[in-house]
Amino acid sequence: MSLPSKSVYCQDEKLQPAVYNKQPSLFSPARLPLRPYCTNDLSTGLVIRPVATALNYKYIQPNPPCIVYYLVFDIDREGAVFAHEDHNVATPNFVVINPDNGHGHAIYGLSIPVTTSEASHIKPVQYAEAIERGYLEALGADRGYSGLICKNPHHAAWKLWEGHPDTYSLGDLADYLDMEAIKKLSWPDNRSETYGLGRNVDLFDRLRKWSYKHVRTAKETGTLGSWFNLTINKAMTLNDYVNPLPISEITATAKSVSKWTWNRYTGGGVQGYTKQIARAKRGRELHIMRSQQSIFDVLGHWED
């Protein structure tokens, strides 16, 4: 897909005003929060409105609580529409551009959303976080962007550049990155500056390590309910990021950690947890070997 001339990034006729019937399947009410945050003026704060009403505002919350349908990157410089081309990463589904300065939000829709609820597994979140970090670095996007709200692609105040027509899987996005190199990217020196899904990963990691040290005493002196209260209070204190996680995601993480450690953790701190995982893996391997042997025994019986 050809891009408009960089010298006329705002004036080119290919950058049409965003309207509601543009790519409805990729930024539709079905994928947005039921009552998203929205506003017409960031300086006056946010309001909560039904999604049909919120779509009339310049800024809107793209992702529901504990679900990531969209990876949004704030490219706070002129020529935001060209950032992906300059650094050879996947083409955004659309870039929503401020016509006054060429800054914009590059939006990637996910075919399978990433969940951060209490029932979620941490591995997909870690994978998504690594991809998000890789794209943020490649696009030169703003690390301080919280991701809570974005420029509304349907609002006529913005110019809309439409790119890739379909949603992406995480694997599709990862194909454009050197994932081994991303693993070596350093986290911010100050943990409070951790951004995006990195906050979810960091909070989970710190909270689980804290819980390993305290769950045994909690079992001796209280109930699962009281343990959850202790865990969520600790999670609140750990949520010390420049752009804090919303209450819904803190609660989900606290529920996940408190339930798992209460029901399944057997002690020994982080080292004990590692040994516990290794024992479980050996148990699964032994089960598979025994199952295979049973199959071989049956086949041997038939051959006789």
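Predicted model: local features only at pLDDT ≥ 70, side-chain atom pairs only at ≥ 80, totals over all residues.

User: What percentage of the residues of the protein count as buried?

Analyst: Buried means under 20% relative accessible area, exposed over 50%, and partly exposed in between, with a 1.4 Å probe and protein chains only. Of the 304 residues, 45% count as buried. Thr116, in the loop between strand S7 (104-115) and helix H3 (122-139), counts as buried because its relative accessibility is 7%. Leaving aside residues up to four places away in sequence, Thr116 touches Cys66, Ile67, Val125, Leu197, Asn200, Glu249 and Ala252.

User: Which helices do the buried residues of H8 pack against?

Analyst: Helices (H or I, at least four residues) and strands (E, at least two) are DSSP runs numbered from the N terminus. The buried residues of H8 pack against helix H6 (198-221) and helix H7 (224-238); among them are Glu249 and Ala252.

User: In what order do the four strands of the open sheet lie?

Analyst: Strands of a sheet pair through backbone hydrogen bonds, either parallel or antiparallel. Here two strands pair if DSSP finds at least two bridges between them. The order is S3-S2-S4-S8, with antiparallel pairing. Strand S3 (47-48) and strand S8 (150-151) are the edges, each pairing on one side only. Two bridges join S4 (residues 59-60) to S8, and Tyr59 has Lys151 as its bridge partner.

User: How many aromatic pairs does the structure hold?

Analyst: Rings of Phe, Tyr and Trp (its six-membered ring) pair if their centres lie within 6.5 Å; planes under 30 degrees apart count as stacked, over 60 as edge-to-face and the rest as tilted. The structure holds nine such pairs. The rings of Tyr108 and Tyr168 have centres 5.9 Å apart and planes at 55°, so the pair is tilted. Both Tyr108 and Tyr168 are buried. The Tyr212 and Tyr265 rings, with centres 4.7 Å apart and planes at 15°, are therefore stacked.

Conventions:
Residues numbered from 1 in each chain as written. Heavy atoms only, no water. Contact = heavy atoms within 4.5 Å.
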